Amino acid sequence: MTTRIGITGAAGRMGRTLIEAIDLAGEELQLAAAIERPQSSLLGADAGELAGRGSNGIAVVGSLQEVIGDIDVLIDFTVPAATLANAQVCAAHQVAMVIGTTGFTAEEQGLIDSAAGKTAICKASNFSTGVNVCFKLLDMAARVLGDDVDIEVYEAHHRHKIDAPSGTALSMGQVVADALGRDLDKVAVYGRQGQTDARDRETIGFATVRAGDIVGDHTVTFAAEGERVEITHKASSRMSFARGAVRAAGWLHHQSAGLYDMQDVLGLK
Ligand code: NAD
């Protein structure tokens with residue numbers, strides 16, 4: 001069965017890569033719509049040309065409502081406010097949604113949860129297969145190394161990223177906290193400066209770097225007396241996220257309403 005996919009944020013870094021990823025995927029996954037901000041100077045542009053793939057006859061439009069009847073799944077890598085508005089539209093039309101946008105507050109996540117009561121939504125802080133394998137490895141490492149180690153999460157991204165720590169770093173911290181029965185909100189320490197006192201073993205530290213064109217580096221360190229384990233993922237191209245999100249779109253088309261993540265898509269649960 002063909003899955004007709006809409007890409008919103010089509011002119012963004014991820015949007016263009018997603019258009020390319022659909023073009024490289026099999027016949028069953030087809031780009032059916034490309035959406036951008038209503039004020040975008042690129043409305044009317046050919047989506048295939050935007051992605052450097054040559055003309056595909058899909059013109060960029062400025063509203064999801066305009067094309068909602070033409071798509072089975074929307075892939076959204078934009079900004080939280082746009083994603084929340086799109087989730088309402090998708091829920092009302094029972095169009096499935098893949099959400100890659102990061103930086104939601106707990107209250108905003110609640111709005112996504114309620115939209116998932118009406119349509120299938122797959123939301124992940126990171127759609128790369130490698131990172132999702134790392135989540136599994138982190139769970140295992142945390143359970144075995146337990147309370148005998150200090151745990152620190154390091155992440156680095158390009159200078160244009162607008163939220164910190166990255167959604168992936170937070171997910172990594174959450175996996176570790178869950179495995180150890182800790183409440184991440186209580187034990188997370190975001191950056192350190194000045195008189196910090198000795199480290200409390202219960203805490204999970206986060207360090208953020210923003211520089212140049214780094215696509216996405218993450219390392220979780222488990223440090224004990226005399227040894228340390230480091231689990232690292234380095235993304236060298238946005239295609240790793242785009243491929244995963246497009247795979248999620250094909251999978252999601254066949255699911256009933258509910259909230260899913262990339263672990264569901266990959267069968268890692
Ligand atoms: P970007 O700024 O390059 O692209 C965002 C695009 O969204 C822009 O083209 C912007 O014009 C468009 N946009 C904004 N408001 C819109 C609206 N109302 N309707 C339609 N389009 C709108 O950003 P990016 O680097 O592509 O990242 C986008 C998001 O994806 C960020 O939140 C980022 O953290 C996240 N991200 C997630 C993953 C993952 O695997 N989950 C991977 C990479 C990036």
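In the predicted model, the side chains of Asp 23 and Arg 53 meet in a salt bridge with an N to O distance of 2.8 Å, where a salt bridge denotes a side-chain nitrogen of Lys or Arg within 4 Å of a carboxyl oxygen of Asp or Glu. Because Asp 23 lies in helix 1 (residues 13–24) and Arg 53 in the loop between helix 2 (47–50) and strand 3 (60–61), the pair ties together parts that are 30 residues apart in sequence. Helices (H or I, at least four residues) and strands (E, at least two) are DSSP runs numbered from the N terminus. Asp 23 is partly exposed, at a relative accessible area of 43%, and Arg 53 is likewise partly exposed, at 36%; buried stands for under 20% relative accessible area, exposed for over 50%, and partly exposed for values in between (1.4 Å probe, protein chains only).

The model is a prediction in which local features need pLDDT of at least 70 and side-chain atom pairs count only at pLDDT 80 or more, whereas totals for chains, interfaces and linings use all residues. Residues are numbered from 1 along each chain as its sequence is written, and side-chain values use heavy atoms, with hydrogens and water left out.

In total, the structure holds 15 salt bridges. One of them joins the side chains of Arg 182 and Asp 147, again at 2.8 Å from N to O, and links distant parts of the chain, with Arg 182 in the loop between helix 6 (167–180) and helix 7 (184–187) and Asp 147, 35 residues apart from it, in the loop between helix 5 (129–145) and strand 7 (150–157). Within this pair, Arg 182 is buried, with a relative accessible area of 7%, while Asp 147 is partly exposed at 48%. A further salt bridge is formed by Lys 269 with Asp 264, their closest N and O atoms being 3.2 Å apart; here Lys 269 counts as exposed at 69% relative accessibility, and Asp 264 is partly exposed at 22%. Salt bridges also link Asp 150, Glu 152, Arg 192, Arg 199 and Arg 201 in a network.

On the surface, a nonpolar patch with about 380 Å² of accessible area together is formed by Val 133, Leu 137, Met 140 and Val 144. Such patches are made of residues with over 30% relative accessible area and no salt bridge, nonpolar side chains (Val, Leu, Ile, Met, Phe, Trp, Tyr) being joined within 5 Å and like charges within 9 Å; accessible areas come from the Shrake-Rupley method with a 1.4 Å probe, and for residues only the protein chains shown count as cover. Val 144, placed in helix 5, is exposed, with a relative accessible area of 68%.

The unreviewed UniProt entry carries the annotation "binding site" for His 158, Gly 167 and Thr 168; its positions are given in the numbering used here, feature names are shortened, and annotations may be inferred rather than shown by experiment. His 158 is found in the loop between strand 7 and helix 6 and is buried at 10% relative accessible area. Leaving aside neighbours within four places in sequence, the contacts of His 158 include Arg 13, Arg 210, Asp 213 and Arg 238, contact meaning heavy atoms within 4.5 Å. Thr 168, in helix 6, is also buried, at 4%, and touches Ser 125, Asn 126, Val 131, Phe 135 and His 218, not counting residues up to four places away in sequence.
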